[in-house]
Amino acid sequence: MIPSRSLGPDAPDLPVVGFGGMPLSMTERPSEEIGIEVLHASMDAGMKLLDTADVYCLDNRDIGHNERLMAKAVATWSGDRDSIFIATKGGLIRPEGRWENNARPDHLRKACERSLVALGTERIDLYQLHAPDPAVPLADSVGALADLQQEGKIRWVGLSNVSVAQIDEAGTILSVVTVQNRLNPFFPEAIHDGVVTHCAKLGIGFLAYSPVGGGRLHKKLPEHATITEIAGRYNAEPHEVVLAWVLAQGPSVFIIPGARSQKNALSSVRAAALQLTDEELQLINNAHFSKD
């Protein structure tokens with residue numbers, strides 16, 4: 001069984017390993033049938049937090065692909081559908097496949113209403129601002145989410161790709177339940193910038209995305225001397241060691257690794273049972289992780 005912890009203020013306890021849906025809807029995505037099989041296997045293994053976004057798709061013509069896939073997977077799952085917690089995001093757009101900001105209040109409202117339809121629900125469990133928009137005051141974007149929450153269209157509000165100062169600013173407008181930032185040994189900024197510690201102090205769930213480095217960098221892990229040496233001690237996969245390291249960074253940390261296969265999804269679950277020693281954690285802290 002995957003250990004659980006509080007997702008955030010007044011939010012439920014959830015298993016610390018969730019599922020990041022992005023790989024199932026991007027370039028080289030699997031068929032819908034395989035995608036649903038991966039999601040079913042993940043939920044069967046105890047992943048209750050499913051993280052998606054309207055822009056997990058190919059381009060603006062494909063908006064909502066991952067949300068619709070997750071909704072279909074949950075609807076056809078043989079387990080307790082009410083136990084599944086879906087988090088989605090708004091605030092980006094995908095013109096011709098590019099990633100661009102649009103966190104204007106009117107866009108966030110339209111995006112949220114579109115996500116409600118894609119997910120087949122009347123209220124989204126967790127709606128996250130995908131990223132602050134440099135062209136829009138953060139207070140305006142967060143205020144739009146507060147309005148949607150007041151209207152009952154979203155239950156809890158989260159932020160993504162934010163700093164400590166932005167978390168605090170948003171906290172003057174509404175209750176921030178989660179923060180989703182990148183965290184892995186290649187990109188440990190969330191630790192160095194104090195975001196992970198700040199979330200723990202406030203009881204905010206920290207959702208670590210790209211926890212093994214993302215599509216390119218995770219391929220370096222089987223060649224990393226420190227990681228492979230530690231993995232050998234536990235008869236574990238290198239990326240399981242890295243996931244265990246991420247989980248050990250704070251009492252409010254969750255991981256949301258993605259997967260395109262059942263094998264990789266189930267491997268991520270095993271990481272939750274891997275308890276690294278203080279010495280091993282420090283070895284990873286001190287190791288060099290090349291981005292080249």
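Me: How many bridges join strand β9 to β10, and in which sense do the two run?

Reply: Two strands pair if DSSP finds at least two bridges between them, and strands here are DSSP runs of E with at least two residues, while helices are runs of H or I with at least four, both numbered from the N terminus. In this structure four bridges join strand β9 (residues 154-160) to β10, and they run parallel; L159 has V179 in β10 as its bridge partner. This is a predicted model, in which local features need pLDDT of at least 70 and side-chain atom pairs count only at pLDDT 80 or more, whereas totals for chains, interfaces and linings use all residues. Residues are numbered from 1 along each chain as its sequence is written, and side-chain values use heavy atoms, with hydrogens and water left out.

Me: What is the order of the strands in the open sheet, and which strands stand at the edges?

Reply: The open sheet has eight strands in the order β3-β4-β5-β8-β9-β10-β11-β12, with parallel pairing. At the edges stand β3 (19-20) and β12 (253-255), each with a single partner strand, so one side of each is left without a neighbour in the sheet. β3 pairs with strand β4 (residues 49-51) in the parallel sense over two bridges, and G20 stands opposite D51 in β4. Elsewhere in the sheet, four bridges join strand β5 (residues 85-90) to β8, with Q128 in β8 as the bridge partner of K89, and β8 pairs with β9 over five bridges.

Me: How many residues of strand β8 are buried?

Reply: Buried means under 20% relative accessible area, exposed means over 50%, and partly exposed lies in between, with a 1.4 Å probe and protein chains only. Five of the six residues of strand β8 (residues 124-129) are buried, so β8 is largely enclosed by the rest of the structure. For β10 the count is six of the seven residues, so β10 too is largely enclosed. Helix α10 is mostly covered, with nine of its 10 residues buried, among them W245.

Me: At what angle do helices α2 and α3 pack, and which residues meet there?

Reply: Two packed helices are described by the angle between their axes and the distance between the axes. The axes are lines fitted to C-alpha atoms, for helices over the stretch in contact, and the angles run from 0 to 180 degrees between N-to-C directions. Helix α2 (residues 65-75) and helix α3 (residues 105-119) pack at an angle of about 35°, with their axes 8 Å apart. Contact means heavy atoms within 4.5 Å, and here E67, R68 and A71 in α2 meet S115, A118 and L119 in α3.

Me: How many aromatic pairs are there, and how far apart are the ring centres of F186 and F289?

Reply: A pair of aromatic rings is described by the distance of the centres and the angle of the planes. Rings of Phe, Tyr and Trp (its six-membered ring) pair if their centres lie within 6.5 Å, and planes under 30 degrees apart count as stacked, over 60 as edge-to-face and the rest as tilted. The count comes to two aromatic pairs. The rings of F186 and F289 have their centres 5.4 Å apart and their planes at 75°, so this pair is edge-to-face. F186 lies in the loop between β10 (176-182) and α6 (189-192) and F289 in the segment after α12 (278-286), so the pair ties together parts that are 103 residues apart in sequence. Both F186 and F289 are buried.
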